Amino acid sequence: MSQSQGLLLFKLNLQQKFAIGTLKVQEIVPSPRLYSIPGSHPMVMGAATLRGRTIPIIDMANAVGYRPVSKEEYDSCNIIITDCSRQVVGFLVRHIDKIMHCSWKDISAPDPSLGCNIYTIGVMKLDDQLVQLMDVERLLADIYPNYDVELPQFSELELEQLRTKEILVVDDSMVARNQLAGALDAAGIHYQVSNNGQDALAIMQSAVESGKPIDVLVSDIEMPGLDGYEVAFEVRSTPNVSATYIILHTSLSSAISTERAQQIGADEALTKFDASELLQAILRGVKGRDKLSQI
């Protein structure tokens, strides 16, 4: 099952093209008048009032290490208003290129030689030019770090249920993997981690062969190679793993992702990142698996 991914292409400098998934984009607007925000992060240029909302504006070029936008350039730039990981922000970019559609299979993970300190979760070729897919989650996490992990109050029986089950987390974003790991570690829950859908499916098959099948799968949606929808579809279509409880965990704040997740066969779709909400969903999955085993 192939999913088409809408991408908004833009430039932060004269040469390099970047992209962001259109499901994260609310609108594109000309550079508005900005108001200062005392005590804000250095990458936050100020705030703009758009359609009755006050929205922080971030110079994306500056935030990822390129030359900041000058005052002289500002009026010719555009703002991409995004809704990602429960935050509505505006990203200032130098030039809007176009919107295109592609398959996640056409997007590759960045080369490991680039290191882990990059804001790219995927790359693709377009007209012999490399396009980098921005890791908006990491960008937001750097500017708005959240160190609090609020855990729900589980009973001893519920904790025992959680700690005796096999959990698999798959996410291409290092930030998201760290957030998920932090929540599960804090609850003392055993889990495995994968950074792509293909490896996740292989782990699930290996787990079945070892006699410890994965009980709950927590998967990102937007991933190079196999996206979360395709992973969910493959799991539901494969008899020896099809009973796995599937939670799609996404930075997309959209009813579209929830509706499509249900169509694919996922049990739940959650917006990143709320540790308590996620752990409650995992518990629902664990209890669901226990009921199946009693039938």
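Visitor: Before we start, what ground rules apply here?

Guide: This is a predicted model, so local features need pLDDT of at least 70 and side-chain atom pairs count only at pLDDT 80 or more, while totals for chains, interfaces and linings use all residues. Residues are numbered from 1 along each chain as its sequence is written, and side-chain values use heavy atoms, with hydrogens and water left out.

Visitor: Okay, rings. How many aromatic pairs are there?

Guide: General idea: rings of Phe, Tyr and Trp (its six-membered ring) pair if their centres lie within 6.5 Å; planes under 30 degrees apart are called stacked, over 60 edge-to-face, and the rest tilted. That rule gives 2 aromatic pairs here. Take Phe10 and Phe18: the ring centres are 6.2 Å apart and the planes sit at 20°, so this pair is stacked. Phe18 also pairs edge-to-face with Tyr66, at 5.8 Å centre to centre and 75° between the planes.

Visitor: Which parts of the chain do Phe18 and Tyr66 tie together?

Guide: Helices (H or I, at least four residues) and strands (E, at least two) are DSSP runs, numbered from the N terminus. Phe18 is in strand β2 (residues 17-21) and Tyr66 in the loop between α1 (60-63) and α2 (71-74), so the pair connects parts 48 residues apart in sequence.

Visitor: And is Tyr66 buried, exposed or partly exposed?

Guide: Buried means under 20% relative accessible area, exposed means over 50%, and partly exposed is in between (1.4 Å probe, protein chains only). Tyr66 has 29% relative accessibility, so it counts as partly exposed. Phe18, with a relative accessible area of 2%, is buried, and Phe10 is buried too.

Visitor: Which charged end sits over a ring?

Guide: The test is whether NZ of Lys or CZ of Arg is within 6 Å of the ring centre and within 35 degrees of the ring normal. In this model the charged end of Arg138 sits over the ring of Tyr119, 5.1 Å from the centre of that ring.

Visitor: Now helices. At what angle do α3 and α5 pack?

Guide: Axes are lines fitted to C-alpha atoms, for helices over the stretch in contact, and angles run from 0 to 180 degrees between N-to-C directions. Helix α3 (residues 136-143) meets helix α5 (residues 174-186) at an angle of about 65°, and the axes are 8 Å apart. Contact means heavy atoms within 4.5 Å; on the α3 side that brings in Glu137, Arg138 and Ala141, and on the α5 side Met174, Val175 and Ala176.

Visitor: How many of those residues are nonpolar, polar or charged?

Guide: Ala, Val, Leu, Ile, Met, Phe, Trp, Tyr, Cys and Pro count as nonpolar, Asp, Glu, Lys and Arg as charged, and the others, Gly among them, as polar. The contact of α3 with α5 has 4 nonpolar, no polar and 2 charged residues.

Visitor: Why is α3 called largely enclosed?

Guide: Because 7 of its 8 residues are buried, α3 is largely enclosed by the rest of the structure. Among the buried ones are Arg138 and Leu139.

Visitor: What does UniProt place at Asp220?

Guide: UniProt positions are given in the numbering used here, feature names are shortened, and annotations may be inferred rather than shown by experiment. The record, an unreviewed entry, places "modified residue: 4-aspartylphosphate" at Asp220. In the model, Asp220 is in the loop between β13 (216-219) and α7 (228-237), and is buried with a relative accessible area of 2%. Leaving aside neighbours within four places in sequence, the contacts of Asp220 include Asp171, Asp172, Thr250 and Lys272.

Visitor: Which residue has a positive phi although it is not a glycine?

Guide: Arg51 is one, with phi of about 50°; Arg51 is in the loop between β4 (44-50) and β5 (53-59) and is exposed, with a relative accessible area of 70%. Asp128 also has a positive phi, near 65°. The loop between β9 (120-126) and β10 (129-134) holds Asp128, which is exposed at a relative accessible area of 80%.
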